[in-house]
Amino acid sequence: METMASPVLIDVAVKLAVMLGFVLTVVPVMVWVERRGSALIQDRPGPNRLGPFGLIQPLADAVKFLFKEDVTPSAADKPLYLMAPVLALIPAFTTIVVIPFGPTIQAFGRTIPLVVAPAETGVLLFLSLASLGVYSLILAGYGSNNKFSLLGSIRASAQMISYELALTLSVLAVVIPVSSFYLPDVVAYQQTHMWNCIPQVIGFVVFLIASFAETNRLPFDLPEAESELVAGFHTEYSAMRFASFFMGEYASMTALSCLGVTLYFGGWSLPFVHLEGWIGAVVGLLTLVAKVGICMAVFVWVRWTFPRFRYDQLMRLGWKVLLPLAILNLLGVAAATLAGWL
Amino acid sequence: MLELLWLIPLLPIAGAALNGCLGRNPPKALVTVLNIGAPLLSLLLALGCLWEYAQQVNPASFERIYYAWTTGAAGSFHIDVGFLLDPLSAVMLFVVTFVGFWIHIYSVGYMGHDAGYRRYFAYLNLFMGAMLLLILGNNYVVMFVGWEGVGLCSYLLIGFYYEQTFPPFAGKKAFIVNRIGDFAFLIGVFTLVEKFGTLQYTELFPKIVAQPSLVTAPYALGLTVAGFIALCFFVGAMGKSAQIPLYVWLPDAMAGPTPVSALIHAATMVTAGVYMVVRTNILYQLAPGVSQFVAVIGAATAIFAASIGLTQTDIKKVLAYSTVSQLGYMFLAAGLGAYSAAVFHLGTHAFFKALLFLGSGSVIHAMGGEQDMTKMGGLKGPLKQTFLTFVAGALAIAGIFPFAGFFSKDEILHAAAAPGRWPLYFIGLITAGMTAFYMFRAVFLTFWGRFRGTHEQEHHLHESPWSMTIPLWILAIGAVTTGFLGWPGEHNWLHHFLAPVIQRPAGAPELPEHEINGWLLALIALAVAGAAIWYAWRVYGGDRGTAGDRTFARRLPPLQRLLADKYYVDEIYDAAVVRPLAALSTFFWAKVDVLLIDGSVSTAAATARVTGEVGRFTTTGNVRNYALYFFVGVILLFLWLIL
Amino acid sequence: MSVPIHWYLLLAAAMFCIGAAGALTRRNGISIFLSIELMLNAANLTLVAYSRLLDVRTGQLVVFFVLAVAAAEAAVGLALFIAVFRQRHTIDLNRINLMRW
Amino acid sequence: MEMLIFLLFAALALGSSLVVVLHRNPIYATISLVLTLFCVAVLFVLLGAPFLGVLQVLIYTGAIVVLFLFVIMLLNIQKQGRDESAFAGQGLQAAGAIGGAIVFFLLVGLALWRSGLPELHPLTADLVALKGLSRDLFAEYLLPFEIVGLLLLVAVIGATVVARKPPEDGPATKTNPEGAEL
């Protein structure tokens with residue numbers, strides 16, 4: 001019986017810094033992409049005054065958020081009201097620890113897998129941390145002591161829990177042929193086989209739709225449907241607290257994109273090219289960033305193209321279409337794996 | 001074919017079970033097909049089995065064990081449930097399936113308009129299955145299962161018309177009287193287990209034959225082992241086969257539908273006792289005292305029942321008492337050691353008694369349910385076929401050559417006609433005369449003379465449908481021909497056939513030999529029967545009809561009353577057994593049950609109530625209180641565990 | 001420095017007792033439910049601790065089943081609360097005491 | 001390091017479980033239950049059961065407790081007032097409960113003190129490995145696993161039926177999302 005080797009703290013710190021830096025960089029970039037992208041789709045100029053193509057605009061937005069007045073409603077349940085925006089950031093920033101961003105490298109006399117937390121339970125850890133995201137919405141809605149907020153948060157929690165099922169099941173279908181929850185194993189599997197998006201196309205579609213719902217983005221942004229609920233659960237928030245919800249949304253988009261890319265599009269790896277060592281690490285990180293970028297673009301594209309669902313349609317889609325589809329897909333993949341086709 | 005032996009009893013039982021699965025209101029045709037088909041298949045299989053069995057070079061026995069019910073260490077008591085086909089069960093198998101099947105056919109016509117058609121056939125099939133189980137079983141346990149099964153079916157069928165008051169009562173009476181016998185039978189079986197550790201015929205009998213000393217040792221009641229068991233079994237047989245003193249149920253059993261009387265109370269079920277005694281003949285041979293007792297009881301029953309039959313006016317009652325009387329003949333034969341004669345009479349009786357009952361059923365059917373012979377008369381015209389077959393049956397039971405009864409009865413009388421047995425012989429002879437008299441009294445009252453019923457009945461008279469007349473003819477042929485299987489003398493086929501079953505163990509007393517010419521005895525019997533018929537014609541023949549009864553009563557007034565009231569046996573039983581029992585029951589009910597048992601129960605209840613009154617203050621309806629009690633209990637348990 | 005197993009067990013016992021005291025003193029149905037969840041978790045912790053101590057997986061497997069049963073219990077229990085609330089407009093257990101003489 | 005993590009999360013777990021029991025507002029109690037559960041999950045990981053830790057977070061905090069919050073919000077249960085529905089012997093009940101709990105804790109302490117449990121040996125890979133656990137679960141414990149699955153199904157259906165609006169209040173509503181979530 002071998003005993004467990006514990007990872008070296010400094011390695012973890014460095015890797016965590018890389019990933020956090022990645023996510024934190026993505027947020028302002030995405031603000032710009034979203035605004036320019038919507039402008040492109042709606043055939044208008046969009047922000048174009050600050051810097052070339054309005055590139056400095058996110059910075060200006062941040063400054064504006066910092067200096068606005070932070071209003072707390074007097075009837076709010078204060079501790080909960082203040083806790084909610086912080087909680088919004090936690091899942092997004094914690095889930096990325098299981099995403100691999102390069103091959104296992106040999107450095108400083110150690111074997112270092114390029115993933116922040118080399119946990120065997122990888123995917124499950126991601127899902128369980130992601131499932132905590134619902135608390136910030138619930139607390140925001142309840143703490144605000146506002147009817148619209150409460151309605152929005154009840155909608156949000158029901159929606160997120162419903163779509164979490166479909167999401168989890170589609171992810172599990174990927175895990176079956178790999179027979180490991182560890183995401184580097186998933187990437188390695190796609191290096192030797194093909195990208196999972198081809199055999200698991202049904203699972204991928206379910207995953208994609210469920211991710212839109214999980215991030216509360218159009219066409220599933222019922223929790224904050226401005227035509228019905230003013231702004232849903234964050235109606236009462238302003239200034240930096242509002243900004244942290246904003247950041248949380250983009251960060252979870254990033255995290256989910258990372259997961260999707262890793263599960264279905266080979267993660268950090270390039271097709272037909274196998275790079276090792278430091279070069280592999282650098283190229284891997286860049287590849288991951290590129291793939292995630294494409295994914296985020298899809299998020300933006302979808303948001304500005306599709307109309308919003310009605311709440312009952314949303315629930316029906318989740319429970320009566322996506323969930324059965326995900327279950328069928330899971331069974332199909334399991335059968336195919338047993339038959340040796342995968 | 002022999003390998004399919006197990007199907008023979010199973011098919012009718014399955015028929016009965018499937019009958020219950022047909023749903024709420026199955027079409028009558030479906031019931032008919034199912035419940036006629038099962039006995040038909042059973043009959044065909046039985047015939048096939050018998051054919052194949054007869055083909056065997058040395059047809060000793062064929063036994064198959066299907067299921068080991070109780071298994072234990074090697075050598076310990078075990079019951080292997082299986083079926084045994086040996087000459088005795090072969091004869092019974094033929095009689096039961098053949099007669100049974102034709103009675104089924106007859107029932108289609110007879111019960112055609114009855115609301116309980118389906119229920120009737122379920123019972124009938126179940127009865128046949130149970131009877132087949134009884135005769136085919138390879139040990140006493142299987143026999144007992146069948147024994148109880150036919151008892152149950154008899155109860156169900158006697159009480160078939162449960163809307164009326166009398167039939168359910170008669171059914172209960174039959175069941176209870178049978179239970180008395182069953183109890184003795186069970187004791188006999190237990191004694192067998194205790195003494196021999198096995199109930200398999202094929203293990204038990206060779207064991208006894210090899211070591212007769214085992215059973216001649218003294219046992220209980222001043223009897224030997226063999227004597228005790230034989231007596232127990234005979235008491236069982238008394239119940240089932242209606243011997244004195246347990247015969248009282250059989251006349252009342254006529255409350256059931258007539259084909260049932262034919263099947264159960266004439267042809268098959270009541271012969272179970274005879275079958276059992278013959279099956280156990282080795283023990284009876286080793287217990288001469290009990291055998292003598294059997295013979296005496298048989299003879300007494302024969303003359304007793306026949307004398308009652310002389311005065312009955314209900315046609316079915318006449319036949320019922322004649323059945324009791326004929327069963328007495330069979331036990332007489334068995335008691336005398338003439339087992340093959342007993343089986344022979346059993347077989348022939350099955351045919352002609354079934355025939356007579358079915359014939360009487362046909363008459364009753366035509367009369368619209370009327371059973372009183374004083375209301376009939378002159379039916380030989382309208383009911384030609386019934387008349388002819390009924391007379392054939394009557395001739396057979398009267399013992400007129402060449403009908404079957406002549407041969408079988410002659411063989412029994414022949415066995416009785418030996419030094420030291422003359423009283424039994426004369427009783428048998430007188431009974432034969434009485435039999436002929438009351439049968440022909442019935443024939444003349446029913447078929448001759450003027451019609452004495454209502455005008456409406458006369459208008460309604462008609463011959464029965466073919467489904468009823470065909471069985472009559474078939475059975476009539478049987479009543480004529482089966483006798484030749486037992487042609488007296490060296491060529492007695494049945495005697496040779498049954499020989500393997502009836503072995504004489506060492507130590508059994510010799511049967512008395514006599515030099516009296518068999519033909520002489522036969523002629524005497526024939527003469528007595530003929531005289532009796534002639535006398536019956538004198539009293540009842542022609543247009544005299546019911547005037548005969550008045551003549552009879554005028555000549556022998558007290559005797560006639562005594563006979564007509566059946567010797568007051570039911571009344572004596574009522575006074576001697578039923579009333580004291582009822583009084584005792586009342587005592588137990590009023591004193592023991594109400595005061596003692598109910599009192600103690602009430603006290604217990606009162607205690608519980610008082611406890612509840614006090615304890616309910618803990619029942620606050622608040623869940624948390626209950627949880628606290630629970631928690632305290634857990635703590636106490638924990639305390640007890642670690643301290 | 002590795003943690004002695006007693007500490008885990010004591011922690012579990014403490015959590016269990018807190019949960020038990022809560023379940024027995026609170027009036028609000030939801031609070032009682034929460035206390036019961038605490039007790040369940042304490043039991044789970046004990047199971048996992050013993051699983052670690054004896055180096056067998058059975059304890060962990062039992063915890064897995066406890067999790068599933070807890071999920072079922074929560075679903076049914078909360079549904080009952082909703083049903084009771086519809087009828088009596090309270091889930092104060094002091095007021096839900098129909099089961100008495 | 002391990003000791004540090006243990007002490008931190010044990011303290012957190014104890015503190016938050018006290019809040020669960022003591023706080024008058026059910027929302028706060030529920031939120032601190034989340035914290036307790038999370039701490040227990042961390043302790044699971046420390047004890048070599050990372051899978052259970054993850055499941056604890058995924059199932060308990062991610063689903064079950066959300067359900068609690070959901071019901072609290074749905075029924076709009078507010079802070080409890082004082083003793084509006086007190087019953088005779090309420091004090092006795094509370095004293096019995098708290099006293100019983102303390103006695104129970106002391107008994108456990110006594111039992112542990114007397115038992116002399118052995119020292120822990122180092123964590124083995126075999127205990128931690130997910131493959132072993134899943135093999136046990138789907139081979140040796142397959143029947144319990146299936147039964148638990150069935151139980152969940154029955155519970156979901158039962159919950160849906162129980163929580164459905166009674167028909168006299170209007171037409172039966174669609175499947176209740178709370179009931180169907182698990």
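Predicted model: local features only at pLDDT ≥ 70, side-chain atom pairs only at ≥ 80, totals over all residues.
Trainee: What about chain B as a whole, how much of it is buried?

Mentor: Of the 643 residues in chain B, 51% are buried, and the secondary structure of the chain comes to 27 helices and two strands. If you take the contacts in chain B with a separation of 6 or more, 80% of them are between residues 24 or more positions apart.

Trainee: Changing topic, which peptide bond in chain B is cis?

Mentor: The bond from B:Ile244 to B:Pro245 is cis, with omega near 5°, and B:Pro245 itself lies in the loop between α9 (225-241) and α10 (249-252) of chain B. As background, most peptide bonds are trans.

Trainee: What is the phi of B:Ala242, and where does that residue lie?

Mentor: B:Ala242 has a phi near 55°, which is a positive value in a residue other than glycine, and its place is in the loop between α9 and α10 of chain B.

Trainee: Is B:Ala242 buried or exposed, and why?

Mentor: B:Ala242 counts as buried because 31 other C-beta atoms lie within 10 Å, where the cut-off for that class is 20 or more.

Trainee: Then A:Ser179, what is its phi?

Mentor: The phi of A:Ser179 is near 55°, a positive value in a residue that is not glycine, and the residue is found in the loop between α6 (147-178) and α7 (183-192) of chain A. A:Ser179 counts as exposed, because it has 11 C-beta neighbours inside 10 Å and the limit for exposed residues is 12 or fewer.

Trainee: Last one: how many residues do chain D and chain C each bring to their contact?

Mentor: Chain D brings 69 residues and chain C brings 63 residues. On the side of chain D that touches chain C, the helices that each supply at least two residues include α1 (2-22), α2 (26-46) and α3 (50-75) of chain D, while the largest share, 11 residues, comes from α4(D).

Trainee: What classes of residue make up that side of chain D?

Mentor: The side of chain D that touches chain C has 54 nonpolar, 12 polar and three charged residues.

Definitions and conventions. Residues numbered from 1 in each chain as written. Chains lettered and ligands numbered in written order. Contact = placed C-beta atoms within 7 Å. Helix = DSSP H or I, 4+ residues; strand = E, 2+ residues; numbered from the N terminus. Nonpolar A, V, L, I, M, F, W, Y, C, P; charged D, E, K, R; others polar.
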